[in-house]
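Please open the model in your viewer and keep the selection tool at hand. We will go from stop to stop, and at each one you will hear what to select and what is there.

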Amino acid sequence: MQKITREQLLEKACALLASGEVSCVLGWGAGEFGYDVTPTVFKTAEELKEGFVFGDFCGVNFSKYLVSKTQKLEGKILVFLKPCDTYSFNQLLTEHRFDREKVYAVGIPCEGMADIAKVKAIAGEGIVSIEAKGEKLLVTTLYEDAPVEIDAKDVLAERCVNCKSKKHVAYDELLGEEGDVLDSARFDEVARLEAMTPDERFAFWQNELSKCIRCNACRDACPACTCEKCVFDNPNSGVENKSPANSFEEKMFHIIRAFHVAGRCTDCGECSRVCPQNIPLHLLNRKFIKDINEFYGEYQAGAEVGARAPLVNYTTEDLEPGEVFDRRGENA
Amino acid sequence: MQVNEYKPLIVAFCCNWCSYAGADLAGNNRLAYPADVKIIRVPCSCRVNPMFILRAFQRGADGVIICGCHPGDCHYTSGNYYTRRRMAALFSMLDFLGIERARTRVEWVSAAEGAKFAATMNDFAEKVAALGENKRLEDLRCKK
Amino acid sequence: MLKCSLDKLQALFAKIAENAKLYLPIDNSDGTASYGEWSEGTAWSNALNTTKSPKDFFFPQTEDLMKFKTEGKNIEVIDVRRECEDFVIFGVRACDVKSFDILDRVFLTEPRDSYYAMKRAHGIIVSVACQKPAETCFCGTFGIDATEPAGDVTAWKSEDALYLRANTEKGSALLDKLADLLEEGSDEAVTAQKEKTKKILDKLPLKELTTDAFGGGKTKELFDDPAWDALSATCLGCGTCTFVCPTCQCYDIKDFNTGNGVVRYRCWDSCMYSEFTRMAHGNNRLTQKERFRQRFMHKLVYFPENNDGMFSCVGCGRCLAKCPISMNIVKVMKKIGGNKGE
Amino acid sequence: MQRVGVFVCWCGSNIAGTVDVQAVSEALKNEPGVVYSANYQYMCSQAGQEMIKAAVKEHRLTGIVVCSCSPRMHEATFRKTAAAAGLNPYMVEIANIREQCSWVHKDMMTGTEKAIILGKAAIAKVNLNAPLTPGESPVTKRALVIGGGIAGIQTALDIADAGFPVDIVEKQPTIGGKMAQLDKTFPTLDCAACILTPKMVDVAQNEKIRIFSYSEVTDVHGFVGNFDVKIKKKARYVKEDICTGCGACVEKCPMKKVPNEFNLGMDNRHAIYIPFAQAVPKVATIDPNACNMLKNGKCGVCAKVCAAGAIDYKQKDEIIEEKYGAIVVATGFNPISMDKFDEFAYSQSKDVITSLEFERLTNAAGPSAGKLLRPSDGKHPHTIVFVQCVGSRCAACAEKGKEYCSKICCMYTAKHAMLTRDKYPDTEVYVFYIDARTPGKNFDEFYRRAVEEYGVKYIKGMVGKVVPEGDKLKVQASDLIANKQLHIDADLVVLAAAIEPDKSARPLATMLTASMDTNDFFTEAHPKLRPVESPTAGVFLSGACQGPKDIPETVSQAGAAASKVIGLLAKDKLTGNPCVASSNELMCNGCSTCERVCPYGAITYIDKEFRMPDRTTKIRRVAVVNPAVCQGCGACTVACPSGAMDLNGFKNSQIMAEVDAICK
């Protein structure tokens with residue numbers, strides 16, 4: 001399904017390691033069942049040949065790792081960036097979160113990544129291996145004698161179904177062809193919720209957020225959440241908390257988290273991908289993005305380095321908070 | 001003292017230079033508004049962190065209003081412009097989560113607008129009272 | 001062996017719920033399952049297991065310990081412990097049942113945790129044998145038989161009936177109350193089903209994983225294994241593995257100022273967090289590598305060392321499924337101590 | 001824990017009338033931290049203040065809460081009281097139980113209840129107060145004036161007069177600005193040169209003043225009292241210190257066809273030139289775009305004729321770095337371009353001119369040596385039409401002109417009309433206006449004289465179109481009072497073009513982090529109370545860069561700005577407001593978010609080495625707030641995602657404690 005192959009990436013990585021251009025490679029490491037890919041720091045060609053994989057389950061956004069890895073590792077780091085990852089990459093550069101000189105970014109094309117939950121919904125439980133074959137995925141399970149054949153398009157992750165861009169906005173080198181910024185339907189679900197009554201929306205979010213176990217995976221995977229000290233971990237912040245003690249705490253955490261990344265969130269979708277409870281957290285971020293687009297003009301965080309985020313900007317003609325609702329002319 | 005009569009609790013963040021002075025003027029002119037409104041002085045409306053607003057709701061507030069200088073009149077030139085954007089985004093998000101819209105408001109009140117301050121507080125208190133107790137952003141641990 | 005026809009299952013649940021609160025796995029709209037309270041019409045999930053383990057029933061994620069009421073300068077201390085009522089947890093898998101033994105070791109040895117003990121005493125566990133284990137399952141590694149779970153009552157589900165066997169007095173008492181809905185059943189159906197499941201268990205990809213390299217006394221050997229660096233290199237330090245884990249039992253005690261007083265509560269903590277074990281002098285685990293190592297060394301070495309060889313992992317596979325970066329105890333066991341497991 | 005004293009004021013019956021002050025002081029006695037609580041008739045009185053001082057001593061108070069009138073009224077009073085008692089003045093909090101309680105609530109019970117809550121909030125806050133000490137910073141006793149027009153000149157002279165050194169940076173080869181181009185000035189009709197040039201000479205001769213002409217400010221760093229400025233002195237290819245301004249080079253320069261900016265292109269100058277006779281510095285400048293020697297190395301005449309040997313074709317731009325304590329912006333204005341006003345045929349006919357061009361035409365040193373002659377054919381015009389508000393008050397067509405009133409046009413047009421009629425009584429003079437705005441001393445009298453004594457025909461109405469036809473300009477206009485269309489055959493049409501800030505102002509504002517309005521006029525710190533200061537501390541505004549103004553107004557603002565600068569430079573140290581932002585560097589991400597919202601440019605970043613818990617070191621970019629520049633608005637505290645940024649006196653914890661106390 002991916003147009004670029006493991007071998008192409010491997011060759012590039014080995015060449016850059018051999019030339020001394022980079023000292024290590026941030027790539028995807030093989031798992032047990034074909035879908036459980038682990039982001040891995042490879043230091044030698046041997047390690048790469050043994051453990052490096054690339055395929056339809058390589059959704060991890062490496063950008064955030066650069067914040068810590070550029071500090072800790074010697075020499076340049078080779079990082080593979082899918083188009084959506086490059087937006088996070090730029091946003092982090094805008095915020096001076098890592099040293100660009102310490103990174104060798106290789107842009108790679110992406111045909112969209114698969115969602116293992118969707119695969120399981122079709123192929124059933126007990127997946128022992130997954131193999132890509134053209135546009136198909138061959139899924140071997142404990143319970144079926146022959147591999148189940150799945151159309152890769154049918155199991156695309158939500159964020160890939162609604163892919164906003166196939167264009168790389170940052171790289172040192174691009175493998176494959178450059179794509180375009182896409183028109184996506186990514187705000188449709190937000191619009192659907194907006195069209196509900198407040199009571200329905202409240203019920204929807206109450207149900208979703210009540211599942212939160214406050215594992216912080218959303219925060220810790222989020223490339224916008226790179227604070228040296230998160231307010232939720234800081235006993236002096238007044239909002240520190242370790243547990244979703246009640247429905248207020250659940251909302252507080254997710255509202256503040258979304259607010260803190262508003263205007264900075266590139267909509268990479270990692271938050272929803274990593275949530276163990278499948279809470280559609282990306283909808284909170286997309287709500288802010290949609291609002292910002294509508295209130296202050298289209299803005300894509302990370303599209304360019306150095307851009308001034310909408311919430312740290314203003315015009316004298318901005319709409320009033322009270323007009324937010326008037327302009328939509330909805331039921332109150 | 002009547003115990004059962006529902007009285008909304010309203011927190012008003014007022015900027016020092018315009019709205020707090022507007023509130024003082026309302027006082028000078030003896031313009032009444034409900035005692036349910038309690039004012040917190042901040043240097044500028046842009047000092048109001050969304051966390052303060054949520055905190056107020058958590059602790060039992062039924063409505064939170066932020067008052068600042070009129071756009072263009074900010075003592076710090078641009079603070080209220082940031083307030084305007086932040087609060088537009090935050091209020092829209094609260095609405096998205098199904099929190100009642102009328103519980104939050106931003107109003108620009110100048111130091112000369114004592115009457116507007118009183119009228120705003122009367123109106124806001126009335127609208128919040130109509131909604132009744134804040135249930136959607138309450139924290140039961142904080143109930144008496 | 002008793003049995004209850006599957007079409008009487010709701011009646012069975014209703015009967016249980018007459019005397020005690022009944023909790024069982026329920027499907028969420030997103031395809032996952034969680035334990036929830038049964039009410040009329042609530043369907044029992046077909047999912048293999050819940051995302052969050054049932055340890056929550058005895059060791060909730062957040063639990064009030066005591067309260068202080070302040071008025072002016074006066075402080076009143078309020079004990080919030082109350083005698084709790086019996087409750088039934090239905091549908092617990094073998095791995096999770098085993099996790100209670102591990103938690104008991106922690107909370108019921110002196111000093112006994114009265115909060116845990118209270119709930120444990122009143123909880124009745126109805127376990128259910130597995131039929132469709134997942135690729136992530138490796139309970140066998142820890143000597144658990146997925147077809148023969150422990151618990152106060154063990155249940156097997158067949159095509160048409162639920163077979164039940166009481167293992168404890170609590171279990172018998174429960175089944176006695178359900179007698180109207182139960183009939184005698186033969187062991188054969190259960191045996192046949194167990195055989196069928198065992199064949200699948202034999203095919204599990206992690207079947208060969210062993211604990212040979214681990215256990216008490218292995219600290220020196222494993223602590224400085226060079227593989228820890230690479231394994232922990234991309235750990236996000238989130239708490240997902242610990243929070244979905246049925247055996248992780250670390251907690252923090254915190255005070256929440258309500259404005260009128262203070263609620264002292266405990267909540268799950270995670271050894272993956274950088275604040276964990278921070279003391280006045282600072283933190284004794286300074287890097288994510290050390291925190292990461294701690295979690296696995298604790299499960300595989302320190303815990304067995306202090307608990308007669310009992311590992312504090314039950315092979316439920318939750319962390320395999322839920323870790324955002326798919327790093328987990330299996331990958332660790334395969335790399336550490338030279339255990340390739342294959 | 002603090003030891004808090006609570007002092008409840010009756011304010012006579014103002015508070016005590018609706019608030020049970022005894023009950024309030026009793027109730028607050030039990031609050032955490034409170035060790036003393038009392039009430040008194042007038043807390044602000046001498047006796048009341050003595051009571052506070054005594055209590056501080058007796059009860060070893062560390063914090064004070066006064067429940068009284070608005071802090072806007074007496075916070076300063078009670079801070080002084082605290083200081084007199086040996087407490088840090090910032091350990092005082094006021095609960096406003098008069099304006100925001102007793103005066104707005106009628107019922108005693110309600111008032112008392114609310115007063116107690118407001119008192120609790122103040123106690124909760126003061127419990128978290130920390131002593132604050134205002135920071136001090138030194139002052140470089142030198143001022144920079146950017147712009148050498150009448151505004152800059154006057155400011156510089158006044159500052160120098162007080163004994164402080166001043167540098168003027170002027171981008172043109174000479175100071176003088178727009179005023180030097182004017183002929184006469186209203187309302188007294190003095191000759192502009194006669195009153196300006198002596199001042200220019202004063203500047204040149206003043207030992208305290210340095211002039212950097214033909215120079216631009218390229219970089220500004222630092223803050224009030226301590227600015228580091230880079231000035232680019234452009235190469236003029238003439239050694240300034242050697243040139244005597246004799247003009248021999250100009251005379252001999254073969255390149256004679258360069259449009260003369262000083263006369264607005266109505267005549268020509270040489271490639272080497274001195275803008276006008278009284279230029280200061282009176283030094284020649286070579287126009288590198290016109291000089292053959294500089295363009296292709298062929299010529300060199302000026303070098304040959306220069307007896308002083310001042311010509312230097314190899315001269316390079318020079319960067320001067322200097323420190324200043326204060327900066328005055330006096331960048332002035334320009335008439336807007338007439339490109340978008342084709343209806344007046346400005347581009348089609350030489351005889352449609354702007355008012356500034358008219359000034360040059362009537363000036364004795366102008367292209368026509370002061371004779372009013374038509375630019376097209378040099379004939380004397382008999383019918384002149386003045387059009388006012390060209391591009392001013394253009395609300396409907398904002399993309400074309402300006403929404404604001406340019407303020408000076410009514411008066412200079414009256415002046416032009418009057419002077420024309422005075423010199424050439426045979427000339428018909430029409431003025432088309434929307435309103436004749438003449439507020440100012442002797443202004444309306446001046447305008448009335450133009451109408452009544454000089455017979456200028458003022459017509460309320462706008463000119464719709466000017467069409468050149470033969471040697472006439474057909475003017476179509478409306479007379480709004482007579483309600484009819486007019487057709488006038490004019491010989492000359494003079495457009496009172498709107499004025500706008502100089503184009504250099506916007507990039508300068510960015511360098512200074514000084515704010516501007518949408519029209520690119522500098523914003524004053526307060527429109528009424530601080531009209532000559534920019535919100536950016538240490539930056540002052542003089543003249544038309546802040547808004548359209550005439551000469552008398554400019555000069556008075558220039559003086560006012562100078563006095564502000566003198567006030568600043570007279571100090572050896574600046575004492576700041578201690579309620580400023582500060583960043584906790586351990587939590588700071590260095591993300592620059594705070595920097596973007598700071599209206600004062602108070603935040604900078606440094607790379608700082610941190611010792612990590614694992615004993616490694618890590619260099620991180622962190623924000624540093626300059627307390628001398630920060631004004632304490634708090635915008636950064638909310639923009640900061642990690643909460644590293646907090647505001648002294650209004651800390652997150654303090655505001656949340658107030659919220660908690662109120663919501664209890």
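How many bridges join strand S1 of chain B to S2(B), and do these strands run parallel or antiparallel? Select residues 10-15 of chain B for strand S1, and you will find 6 bridges to S2(B), with the two strands running parallel. Helices (H or I, at least four residues) and strands (E, at least two) are DSSP runs, numbered from the N terminus. Two strands count as paired if DSSP finds at least two bridges between them.

Before going on, a word on what is on screen. This is a predicted model, where local features need pLDDT of at least 70 and side-chain atom pairs count only at pLDDT 80 or more, while totals for chains, interfaces and linings use all residues. Residues are numbered from 1 along each chain as its sequence is written, and chains are lettered from A and ligands numbered from 1 in the order in which they are written.

**Stop 1: a strand of chain B**

Stay with chain B and click Phe13(B); its bridge partner in S2(B) is Ile40(B).

Next, select residues 37-42 of chain B, which are strand S2; 6 of its 6 residues are buried. A residue is called buried if 20 or more other C-beta atoms lie within 10 Å of its own, exposed if 12 or fewer, and partly exposed in between, with C-beta atoms placed from the backbone. Both faces of S2(B) are covered. On one side you will see Val37(B), Ile39(B) and Arg41(B), and on the other Lys38(B), Ile40(B) and Val42(B), all of them buried.

**Stop 2: where chain D meets chain B**

Show chain D beside chain B. Here 36 residues of chain D are in contact with 35 residues of chain B; contact is taken as C-beta atoms, placed from the backbone, within 7 Å. To colour the side of chain D that touches chain B, pick helices H4 (71-84), H5 (98-102), H6 (108-126), H18 (635-639) and H19 (652-663) of chain D, each of which supplies at least two residues. The largest share, 8 residues, comes from H19(D). By class, this side of chain D has 18 nonpolar, 11 polar and 7 charged residues. In this sorting, Ala, Val, Leu, Ile, Met, Phe, Trp, Tyr, Cys and Pro are nonpolar, Asp, Glu, Lys and Arg are charged, and the others, Gly among them, are polar.

**Stop 3: Gln631 of chain D**

Zoom in on Gln631(D), in the loop between strand S33 (617-625) and H18 of chain D. Why does Gln631(D) count as buried? Gln631(D) is buried because 24 other C-beta atoms lie within 10 Å. Leaving aside neighbours within four places in sequence, Gln631(D) is in contact with Tyr76(B) and Tyr600(D). Then select Val580(D): Gln631(D) and Val580(D) are 51 residues apart in sequence, yet 6.2 Å apart in space, C-alpha to C-alpha.

Zoom out to the whole of chain D. Its secondary structure comes to 19 helices and 34 strands, and 53% of its 664 residues count as buried. The C-alpha atoms of chain D fill a box of roughly 95 × 70 × 45 Å along the principal axes.

**Stop 4: chain C**

S11(C) and strand S12 (residues 261-268) pair in the antiparallel sense over 7 bridges. Click Tyr251(C) to find its bridge partner in S12(C), Trp268(C).

Now colour chain C by domain, with bounds from an automatic or database domain assignment: domain 1 (2-52 + 81-203) and domain 2 (219-336). Their C-alpha centres lie 27 Å apart. The contact takes 20 residues from domain 1 of chain C and 17 residues from domain 2 of chain C.

Technical notes:
Two residues are in contact if their C-beta atoms, placed from the backbone, lie within 7 Å.
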